[in-house]
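Subject: Structure handover and findings

Hello,

Here is the structure you asked about, followed by notes on what was found in it. Please read the notes with the structure open.

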Amino acid sequence: MGAFFSKQVDRRKLVTTEKRALATRLSSSGDTFPGSEHRPADRKRWMAELGADKLRVHQVVWPGTHDSATNKIGVPLVTRPFAQCQSMSVYEQLAMGTRVVDVRVQEERRVCHGILATYPVDVVLDDVSRFLSETESELVILEIRTEFGHEDPPGFDRFLADKLGEHLIPQDEAVFHRTVAELLPRRVICVWKPRKSPPPRPGDPLWSAGYLKDNWIDTDLPETKFESNLKFLGQQPPVAGRRFFYRVENTVTPKADNPVLCVWPVTKRIHGYARLFIAEAFAKGLGDKLQVFSTDFIDGDFVDACAGVTKARVDGTA
């Protein structure tokens, strides 16, 4: 028992050390980067503000959410704090400026996070459709995957194609260098990641798993995750020559060997350092590699940072 408590104390000390390290980095180097001063007049239409005829797909820094459809998962105050990664609905996230949505499903087409299931995926698709009906030039990347430990929903690829229909941008690598205007009226890149079912093929309405990549590591240590994100980002080609989307997740994950297991107290260890990450990416010469940037519990400042870099790219200052 003594060894167990000693390990817990050591873990807490390590977490505290890493939190202080990020705070020191912020105070010493700041969080200024090309476009950091930009604030969209209307986050709901921040892409349109940049000009649909000017903005190319590869120029976008896409603000994304991790486990996007978990706002109502589990039982409030009982199981929800252990699985909830967003407090807003998918529609509310999109209206705030989110442009990449991460959804996990199980056999019965219900959204889930691990063993906990919530509303049917139809709720997410209806939210996306509602957002699209209220805007004209906003693109959305909708990632849907079968959650680990579950089976693919039967016929799910056909279901998605039927539900999203004319909104879907077919799988085509030429998309990365097209402007938003050239893609309209189609506005959704839907990446379907089944576990066993056949993956989408070139020309299909859906995109296969290889078009949205990341290097997720399972840690609750904020500076460890921060450094890992920088390392893996540095290994990617610049966005101008890339034929896939690469995601960096500004999140950390509760671990069983740590006494804090609720999502928010853990992920907030890194949550406030999104702008610092972008600033350090540019300082290290990696600014031209940043593309999809995701977070738990997204807020307007996170969106503004991504929109700012996007604007700088369009303006030729990044």
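Does Arg247 count as buried or exposed? At 2% relative accessibility, Arg247 counts as buried. Please keep in mind that this is a predicted model.

Salt bridges

Arg247 pairs with Glu249 in a salt bridge whose closest N and O atoms are 3.8 Å apart. Glu249 is likewise buried, with a relative accessible area of 5%. Both residues belong to one network of salt bridges with shared partners, which also takes in Asp67, Asp102, Arg104, Glu143, Arg145, Glu147, Lys193 and Asp214.

The structure holds 28 salt bridges. One of them joins the side chains of Asp304 and Arg43, at 2.8 Å from N to O. This pair links distant parts of the chain: Asp304 is in helix H10 (residues 300–315), Arg43 is in the loop between helix H1 (2–29) and helix H2 (46–50), and 261 residues separate them. Asp304 is buried at 3% relative accessibility, whereas Arg43 is partly exposed at 31%.

Glu134 and Lys44 also meet through their side chains in a salt bridge, at 2.7 Å from N to O. Glu134 lies in helix H4 (residues 121–134) and Lys44 in the loop between H1 and H2, so this bridge ties together parts that are 90 residues apart in sequence. Here Glu134 is partly exposed at 28% relative accessibility, while Lys44 is buried, with a relative accessible area of 15%.

Aromatic residues

The whole structure contains ten aromatic pairs. Among them is the edge-to-face pair of Trp62 and Phe245, with 5.7 Å centre to centre and 85° between the planes. Trp62 is in strand S1 and Phe245 in strand S8 (residues 245–249), so far as the chain goes 183 residues apart. Both Trp62 and Phe245 are buried.

Phe245 has another ring partner in Phe176: the centres are 4.8 Å apart and the planes are at 50°, so this pair is tilted. Phe176 sits in the loop between helix H5 (156–164) and helix H6 (180–183), 69 residues from Phe245. Phe176 is buried at 0% relative accessibility, and Phe245 is buried at 1%. Trp62, Phe176 and Phe245 form one aromatic cluster together with Trp207 and Tyr211.

The charged end of Arg109 sits over the ring of Phe159, 4.2 Å from its centre. The charged end of Lys213 sits over the ring of Phe244, also 4.2 Å from the ring centre.

Cysteines

How many disulfides does a search of the whole structure find? The search finds zero. The closest cysteine sulfur to that of Cys112 is in Cys85, 12 Å away, which is too far for a bond. Cys112 is buried, with a relative accessible area of 1%. Cys190 is in no disulfide either, as its nearest cysteine sulfur, that of Cys112, is 16 Å away. Cys190 is buried at 0% relative accessible area.

Surface

Val75, Leu77 and Val78 form a nonpolar patch on the surface, and together they have about 330 Å² of accessible area. Leu77 is in the loop between strand S1 (62–65) and helix H3 (90–96). At 82% relative accessibility, Leu77 counts as exposed.

Regards

Note on methods
Residues numbered from 1 in each chain as written. Predicted model: local features only at pLDDT ≥ 70, side-chain atom pairs only at ≥ 80, totals over all residues. Heavy atoms only, no water. Patch = residues over 30% accessible without salt bridge, like charges linked within 9 Å, V, L, I, M, F, W, Y side chains within 5 Å. Areas by Shrake-Rupley, 256 points an atom, 1.4 Å probe, with all protein chains shown as cover. Salt bridge = Lys/Arg side-chain N within 4 Å of Asp/Glu carboxyl O. Helix = DSSP H or I, 4+ residues; strand = E, 2+ residues; numbered from the N terminus. Buried < 20%, exposed > 50% of the residue type's maximum accessible area, 1.4 Å probe, protein only. Phe/Tyr/Trp six-rings, centres within 6.5 Å; stacked < 30°, edge-to-face > 60°. Lys NZ or Arg CZ within 6 Å of the ring centre and 35° of its normal. Disulfide = S-S within 2.5 Å.
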